[in-house]
Each structure stands twice: as structure tokens, then as C-alpha cells.
Amino acid sequence: MGKPIAKILIDNSEADECKMAKLIEVVVEEELNLPTMFYFYLSIIDDESGPWKNVDLSKFAPGKAVTISMGLDTEKELFKGEITAVDISFSSVPYIEVRGFDRLHRLQFGRKNRSFAEQKDSQIVSTIASEEGLSATADATTTVYPCLFQFNQTNYHFLLERARKIGYELMVDDKKLLFRKSQEDKSASISLNFGEDIFDFNVSLRTVRQGAVVETRGWDVTKMEEILGSGKAGDEISKMGGSQTGHAMATSAFKSAENTIVNENFVDKSEADTRAAAFYNETQQDFITGEGTYSGTEQIRVGTTIEITNLGDKFSGSYYVTGTTHVLNKKQYTTKFKVRKTGI
């Protein structure tokens, strides 16, 4: 086990106030499709001139850019974002807590009523990213919508709704807005052997009661005919090394869970099929879930796949990371993680 080390940059400069001598604890929390949050605690006792230090907001004012690196013996970059809040405790153990988010939080300011005409989802993402001072990296989308309405929604909730309808994820990497397909089918970023690398991992398997067969129905107002789409076995993003999905297990044990999605204005059959497949995959996300703890590492990140071995034939294999909490103090650096698995 190495020595915990953290480096915090404020507006791209290393602040003396944030060095390990003053740092009580630093935490970075990630959750899929949510702004990543950070917070750190610093002593505010000024050893040279007496109380108080860092309470005038000259260093930690909202809007200042923050870069956090963590590691054991050697730190690696983990987070980029900006300060949004400060709490100060004038107590027997005085400290300042500095909090903030990655730049996905910018999309949560205000609500808009507007429409987008003759655009793809990927084009809309680029437009909104530009409004928020971000660039955009969007996986290609093909459907051109005659008109999409953003009705009294924040940019964040509007794009999250669009992502859910087509089975995409929404996140930010520094100043880049990412609108992408799930990465469940990618190679593992790290392999952990239970009993050797990790000693704390809990897993739950739940019956999937919705979405084994999905039918979508819409109406083509131009051709005056019904549009039908379907989502079913074979539309999985990945079985993650398993042979049986949650839908297949539930159907075998009980019965097939059939769902129909109506009252949506699909452009064509391709959009209807995409919506059905997205719902089919979404309903499998709670099939197998797990939580574990590992010594701190930047290799376990939201939106990546990890491998866990020595859990038996059924539960060993690939898992998709849906949440992490990186905690570093003077004594230790740990990474807690949440995962899901779609096949067994």
C-alpha cells in the first residue's frame, strides 16, 4: 500500500492552501448520467497570523476552475470542474468545505421553451453544448426529426430525456459534452481478483418484470399509416460474457413480460425500433447489481467496464461501472464502486 497523495489546482495553479499538510479529506463522486461532484475539507487555522485563513473567498469563490488528482505514491488526474458552494465551520475544529461539480451542472440553469426543426439528436447536442461554453462529442444518430420540443425543461433534463429514448448516456469530460452509446460491450479497464485485490463485494440478482418483448406504435401523418417497432432478444448491447439475460431468466422462470409503447410521434420504423430496443435494454439494468471497495485507483470510473474474478461461474466476469466514490485522506485512498451486469 502506497502513500496517499492528492493535488488540487485552482484556476490551473497549485494552491499552497490545498497541499496535504492542510488537506483533511478530498472526495470525488461519480454517478452515471449525473454531474460528477467533488468536495474537500481544509483547516482554516492560520499558523502564522492566527485565525482565519481561506474564508475571504479569494481562493475558493464559486466559478473558479478545479482540477483534482489522486493516487498512491503518484497522483493521476481524476476530475475537472468548478466550485459551486462553500461551507465554513467556526468550531473547536475549524474547517472550510469546498464543493462543486463537473461542467454538466451548467446545463441545469434555467428552463427553456423552444423547438428544434429538421435536426438529429447529435446536432441538437452540439447546439446546446455551444450555448453552455462546451464542445460536443456525440455518437452518430441518423433520425432527422421534423420538430422536437423542449417544453419548460433545463438543457440537462431535455438531453437526458433524448438520451434515454435512444439508449445513450450523457456526461462531461472537462469542457467536452459527451452524448454516447453505452460502453457495456467494451474491454475491461482493470481486472480484480476477489480475495487478492478486493475483499469487499456484494451482488444482487433481481427478477426483470418488464421489457422482455417491446412493441412501439406510432402514426405516420404523411402516409396515414401505422408505424410499428420492436425490441426483443438479440437487441442486447452486450450480455457481458453471460449466456442468459435477465429477460430470458425471468421468461423461463415465470412468463414473458410484454410492453407496448404508444402515443409517440415516430418519424419512421427505424426510430420506433430504436426506442423499443432502448426500453428493452433499460429494463435489464437492474438485473444484476453490485457494490465493492478497492484501494484507490483512477482506473475504476463511471462508464467503463471492469472484470471481477473468483466469484464463481455465474458472477465472475464483466461489470459496468455506474457509480464511484473516491475518498482520500492522510491515512488512505479508497475507491467504492457500484456496478451492473446484464447477463449471467
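Predicted model: local features only at pLDDT ≥ 70, side-chain atom pairs only at ≥ 80, totals over all residues.
Colleague: Which residues touch the most other members of the largest nonpolar core?

Modeller: This core has 23 residues. Elements giving it two or more residues include β1 (4–10), β3 (23–31) and β4 (37–43). Another core, of 20 residues, lies apart from it, with Leu107 and Val125 among its members. In the largest core, the residues with the most contacts to other members are Ile8, Val26, Phe38, Phe40, Phe60 and Ile68.

Colleague: Are the rings of Phe40 and Phe60 stacked or edge-to-face?

Modeller: Phe40 sits in strand β4, and Phe60 in the loop between β4 and β5, 20 residues apart. Their ring centres are 6.0 Å apart. Planes over 60 degrees apart count as edge-to-face. The planes of Phe40 and Phe60 are at 70°, so the pair is edge-to-face.

Colleague: Is Phe40 buried or exposed?

Modeller: Buried means under 20% relative accessible area. Phe40 has a relative accessible area of 0%, so Phe40 is buried.

Colleague: Which residues form one aromatic cluster with Phe40 and Phe60?

Modeller: Phe60 is also buried, with a relative accessible area of 0%. The cluster holds Phe40 and Phe60, along with Phe38 and Phe79.

Colleague: At what angle are the planes of the Tyr39 and Tyr41 rings?

Modeller: Both Tyr39 and Tyr41 are buried. Their ring centres lie 6.0 Å apart. The pair is edge-to-face because the planes are at 85°.

Colleague: In β12, which residue is the bridge partner of Met171?

Modeller: Strand β11 (residues 168–173) has five of its six residues buried. Six bridges join β11 to β12 (residues 176–181), and the two strands run antiparallel. Across this pairing, the partner of Met171 is Leu178.

Colleague: Which residue in the turn between β11 and β12 has a positive phi?

Modeller: The two strands form a hairpin, with two residues between them.

Colleague: Which residue lies over the face of Tyr145?

Modeller: A charge can sit over a ring if CZ of Arg is within 6 Å of the ring centre and within 35 degrees of the ring normal. Here the distance from the ring centre is 4.9 Å, and the residue is Arg162.

Technical notes:
Residues numbered from 1 in each chain as written. Heavy atoms only, no water. Core = buried A, V, L, I, M, F, W, Y, C linked by side-chain atoms within 4.5 Å. Buried < 20%, exposed > 50% of the residue type's maximum accessible area, 1.4 Å probe, protein only. Helix = DSSP H or I, 4+ residues; strand = E, 2+ residues; numbered from the N terminus. Pairing = 2+ DSSP bridges. Phe/Tyr/Trp six-rings, centres within 6.5 Å; stacked < 30°, edge-to-face > 60°.
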